[in-house]
Amino acid sequence: MIKVSPSVLSADFARLGEELTNIKNAGADMVHLDVMDGIFVPNISFGIPVIKSIRKSSDMIFDVHLMIDRPERYIEKFADAGADIITIHYEACSDVGAVLRDIRSLGCKSSVSVKPGTPVSSIYPHLRLCDMVLVMTVEPGFGGQSLIPYTLSKVRELRHETDRLGLTCEIEVDGGINGKTARAAIDAGADILVAGSSVFGSDDYAEAIRALRG
Ligand code: DX5
Ligand code: ZN
């Protein structure tokens, strides 16, 4: 079953707690939390205090996507704040393997992401340390962009490699996923679909999530 992880980047931040309840009731499997530092990406979103605060009122799986430089500095704080899955960026740290190990040792699921221009083979040496891999299907930084078609060939390549190695690590796609593009992402091998604007921009979250699963 394909999982859906709505990104709150497109939610109404003044009603964040309520929005989490709404997507949960609409059938979301987890919630995607985009943390941006204004350095790794040209945008700033929210961070540790916000995650800690929503953790108090939500039992959803927190899928935390760290678009921050040198994430190793903050892994423990995000784990303490209530993250369940922590994704770091391959491009943002020098010792990816060490950070992935750190994430697991704190009891969280480990994940690494690659930007559209980074070959997915860059992370192959670390695949056994990953519970999930996030393939960016847009340039990270902003919601509401269109999926870059060639990124799906990276998903296909990665799926082939995880199958070849017999790994259970899940593949997540993020950016420009909507009722029209979801099928191609699933066909390429994605297990988890992140969707911001196509869910939160819809009048009917349940219908939007259903449309993604196809
Ligand atoms: C972009 C973020 C995404 C974003 C997706 O840097 O990582 O999670 O919120 O938004 P949509 O689904 O609108 O492309
Ligand atoms: Zn994201």
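Reader: Which residue just after H1 takes a positive phi?

Author: Just after helix H1, Gly27 has a positive phi of about 105°. Bear in mind throughout that this is a predicted model.

Reader: Which residue has a positive phi although it is not a glycine?

Author: That residue is Arg70, with a positive phi of about 45°. Arg70 sits in the loop between E3 and H3, and because its relative accessibility is 42%, Arg70 counts as partly exposed.

Reader: How should I read the sides of a helix, and which residues of H1 are buried?

Author: The general idea is that an α-helix has 3.6 residues a turn, so residues three or four places apart point the same way. In helix H1, which covers residues 16–25, the buried residues are Leu16, Glu19, Leu20 and Ile23. Seen down the axis of H1, these buried residues fall within an arc of 105°, so they line one face of the helix.

Reader: What do the buried residues of H1 pack against?

Author: They pack against strands E1, E2 (31–36) and E3 (62–67), and also against helices H2 (48–55), H7 (197–200) and H8 (205–213).

Reader: Which residues are buried in H4, and which are exposed on its other side?

Author: In helix H4, residues 96–105, the buried residues include Val96, Gly97, Val99, Leu100 and Ile103. Down the axis of H4 the buried residues fall within an arc of 165°, so here too they line one face of the helix. On the other side of H4, Arg101 and Ser105 are exposed. Among the elements that cover the buried residues of H4 are helix H3 (75–81), strand E4 (85–89) and strand E5 (109–114).

Reader: Now for a strand: which way do the side chains of E8 point, and are they buried or exposed?

Author: In a regular strand the side chains alternate between the two faces of the sheet. In strand E8, residues 192–195, Ile192 and Val194 point one way, whereas Leu193 and Ala195 point the other way, and all are buried.

Reader: Which strands pair with E8, and in what sense?

Author: Strand E1, residues 3–6, pairs with E8 in the parallel sense over 4 bridges, and Ser5 has Val194 as its bridge partner in E8. Strand E7, residues 170–174, also runs parallel to E8 and is joined to it by 3 bridges, with Val173 standing opposite Leu193. Between E7 and E8 the chain crosses through helix H6 (residues 182–188), and this β-α-β crossover is right-handed.

Reader: Where is Leu147 found, and is this residue buried or exposed?

Author: Leu147 is found in the loop between strand E6 (132–136) and helix H5 (151–165). Because its relative accessibility is 15%, under the 20% cut-off, Leu147 counts as buried.

Reader: What is Leu147 in contact with?

Author: Leaving aside neighbours within four places in sequence, Leu147 is in contact with Thr137, Val138, Leu152, Gly175, Gly176, Ile177 and Thr181. Take Gly176 as one case: Leu147 and Gly176 are 29 residues apart in sequence, and their C-alpha atoms are 4.3 Å apart in space.

Reader: Where is the place of Ala208, and which residues does Ala208 touch?

Author: Ala208 has its place in helix H8, and with a relative accessible area of 13% Ala208 is buried. Not counting residues up to four places away in sequence, Ala208 touches Ser198, Val199 and Ser202. Between Ala208 and Val96 there are 35 Å in space, C-alpha to C-alpha, and the two residues are 112 residues apart in sequence.

Technical notes: Residues are numbered from 1 along each chain as its sequence is written. Chains are lettered from A and ligands numbered from 1 in the order in which they are written. This is a predicted model: local features need pLDDT of at least 70, side-chain atom pairs count only at pLDDT 80 or more; totals for chains, interfaces and linings use all residues. Side-chain values use heavy atoms; hydrogens and water are left out. Buried means under 20% relative accessible area, exposed over 50%, partly exposed in between (1.4 Å probe, protein chains only). Helices (H or I, at least four residues) and strands (E, at least two) are DSSP runs, numbered from the N terminus. Two strands pair if DSSP finds at least two bridges between them. A crossover is right-handed if, with the strands pointing away from the viewer, the path from the first strand over the helix to the second runs clockwise. The arc is that of the directions from the helix axis to the C-beta atoms. Contact means heavy atoms within 4.5 Å.
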